[in-house]
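Student: I have a structure to go through with you. Could we take it topic by topic?

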Amino acid sequence: MDPVVSIKGLTKSYGSLQAVQSVDLAIGRGEIFALLGPNGAGKSTTVEILEGHRRRDGGEVTVLGEDPGRAGRRWRERIGIVLQTSNDTAEVTVREVVRHFATFYPRPRNPDELIEQVGLGAQRHQRVGRLSGGQRRRVDVALGLVGDPELLFLDEPTTGFDPEARRRFWELIKGLQGTTILLTTHYLDEAEALADRVAVIARGRIVAEGDPRTLGGRSGGRATVSWAEGSVRTDSPTATVTELAGRYGGEVPGLQVVRPTLEDTYLELIGASR
Amino acid sequence: MTVALARAGFELKVFFRERDQVVFTFSLPIVLLVLFGSIFTGEYPGTGVTVAEVYTAGMIGAAVLAVSLQNLGISIAVEREEGALKRLSGTPLPKYAYFAGKVGSVLVMALCEIALLLAVAVLLYDIDLPRGTAWLTFAWVVFLGLTSGCLLGIAASSLAGSAKSAGAVITLPFLVLQFISGVFIPFTELPGWLTDVAAIFPLKWMCQGLRAVFLGDGGLVLQPTGSYELAKTALVLGAWVIGGLVLCLMTFRWKSRRDG
């Protein structure tokens, strides 16, 4: 099956700054793919090139079978874009703006059902300007989805959210089964919670790619066993714990076994590339 | 076409929701008309033309440019900065439908404004409404002036570096134009070289065309050339429509400068 997004040797520079250096990526249909990286790593540049908002310097890019730099209206009918924070459409209600954007597309979703789905049923008649930050982001998602896209771009969707709002937002995204989603984020837990596959980008290059659970050899990585009187890094933590249990003759005081978190792996990855 | 209408409806909804903006946009030309109409009274000797008639023509011309050039120049700069334009550019909405929506909504605003100004002029200053073919002249002068104003406003929205500065950047040239085009100062009092400068821009011609509508033949003697030069008016305004369109296509940006 053809990938929905395919990138080969993508490059882009701003003056002397090489923002993206030879990036290769492929995203399959129905996948939730997270592009993870610190600020200024080249995430947004890459995504904006895929959205058709930015020109590339070199490389081959295909999104839904077309070059986004040349694609027209028909292609835009098949994608949905949720940009980083915007403050527009404050004076109209949730329902008005969703219904209005529905008129741009040939086969739009039912606006009322969509508003329910993004969890704004109770706020449908409120003006967008009076909503909380998290609720506004849900409006953005509804506007990205209203054309019933095959591919949805989500650019740093939960920046500035409190932890509870983030978790509720994740539930919304998890509920979008079947839509291919390209998510950018600098939150590792977000990538881990949502993505089927993750690529880590640092200094304009992909430094690791794969399942978030095994990224960078994480599942096979050394575990740290620590207890009240010491700690060891080991490849065989079960043996260490058994040995400790024998030594203490039962409960080991303050016992902890820790695998590297995605965050550790990530920091190692972006650190290694510097 | 349906999308353009949907855009116009949406734009109007957004405009009319901002109450203070609506009140002040609509009341400014009316307040000015009442002020000037109260300060300067009477008739031009031997013509039967009242000063109020001259101000009515001028204020309608200025109001048309205010809702088109000034309003669009500022509001599009704000939309660009708020990210509304970038959001729209990611949808299948065609550019022409966006522009047509703007023009359609401005047309409705201009008609409301003109109706209000005419009501005030008739009730307070006893102005005669245009008759017969004068309505036709009225219609095309407003239509051409409005269209060129919209296109220039869209182009001007890219001039300002940010939404904050857009108001200042657009107000100054607009204010100067109003002074030299016979809106505030009666055209008969202006030095010739200033009128020559004004003749490059659309407002002078709009006001002149509107004087043909409201002053009629009685006002002909006041015109320096003894004529309202309607053919030339149509030509200059038409040229601005084309020039505005070219400027728009050349300068329009969906994104703000900071956004690349």
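**Salt bridges and overall layout**

Tutor: Over all chains the count comes to 26 salt bridges, where a salt bridge is a side-chain nitrogen of Lys or Arg within 4 Å of a carboxyl oxygen of Asp or Glu. This is a predicted model, in which local features need pLDDT of at least 70 and side-chain atom pairs count only at pLDDT 80 or more, while totals for chains, interfaces and linings use all residues. Residues are numbered from 1 along each chain as its sequence is written, chains are lettered from A and ligands numbered from 1 in the order in which they are written, and side-chain values use heavy atoms, with hydrogens and water left out.

Student: Why do such side chains pair at all?

Tutor: Side chains of opposite charge can pair when their charged atoms come close.

Student: Which residue meets R166(A) in a salt bridge?

Tutor: The partner of R166(A) is E190(A), at 3.9 Å from N to O. R166(A) lies in helix α6 (residues 163-174) of chain A and E190(A) in helix α7 (residues 188-194) of chain A, so the pair ties together parts that are 24 residues apart in sequence. Helices here are DSSP runs of H or I with at least four residues, strands are runs of E with at least two, and both are numbered from the N terminus.

Student: Are R166(A) and E190(A) buried or exposed?

Tutor: Both R166(A) and E190(A) are buried. Buried means under 20% relative accessible area, exposed means over 50%, and partly exposed is in between, using a 1.4 Å probe and protein chains only.

Student: Moving to chain B, what does E11(B) pair with?

Tutor: E11(B) forms a salt bridge with R7(B), and their closest N and O atoms are 3.2 Å apart. The two are four residues apart in helix α1 (residues 2-17) of chain B, so about one helical turn separates them. E11(B) is buried because its relative accessible area is 9%, and R7(B) counts as buried at 4%.

Student: And what about E229(B)?

Tutor: The side chain of E229(B) meets that of K232(B) in a salt bridge of 3.9 Å, N to O. E229(B) counts as buried at 19% relative accessibility, whereas K232(B), at 43%, counts as partly exposed. Elsewhere, D88(A), R137(A), D140(A) and R87(B) are joined into one network by salt bridges that share partners.

Student: How many helices and strands does chain B have?

Tutor: Chain B has ten helices and two strands. Along the sequence they follow the pattern α-α-β-β-α-α-α-α-α-α-α-α.

Student: What are its overall dimensions?

Tutor: The C-alpha trace of chain B spans about 60 × 35 × 30 Å along its principal axes. Of the 260 residues in chain B, 55% are buried.

Student: Which parts of chain B does UniProt list as "transmembrane region"?

Tutor: The unreviewed UniProt entry lists residues 21-42, 54-78, 99-125, 137-156, 168-187 and 230-252 of chain B. Positions are given in the numbering used here, feature names are shortened, and annotations may be inferred rather than shown by experiment. In the model, residues 21-42 of chain B are 86% helix and 0% strand, with end C-alpha atoms 34 Å apart. Residues 168-187 of chain B are 65% helix and 0% strand, with end C-alpha atoms 26 Å apart.

Student: Which residues form the nonpolar patch on the surface?

Tutor: The patch consists of V122(B), L123(B), L124(B), L129(B) and W135(B), with about 510 Å² of accessible area together. Helix α5 (residues 95-125) of chain B gives the largest share, three residues. L123(B) is found in that helix and counts as exposed at 73% relative accessibility. Patches are made of residues with over 30% relative accessible area and no salt bridge, with like charges joined within 9 Å and nonpolar side chains (Val, Leu, Ile, Met, Phe, Trp, Tyr) within 5 Å. Accessible areas come from the Shrake-Rupley method with a 1.4 Å probe, and for residues only the protein chains shown count as cover.

Student: Back to chain A: where is L64(A)?

Tutor: L64(A) is found in the loop between β4 (58-63) and α2 (73-76) of chain A. Its phi is near 50°, a positive value in a residue other than glycine, and L64(A) counts as buried at 8% relative accessibility.
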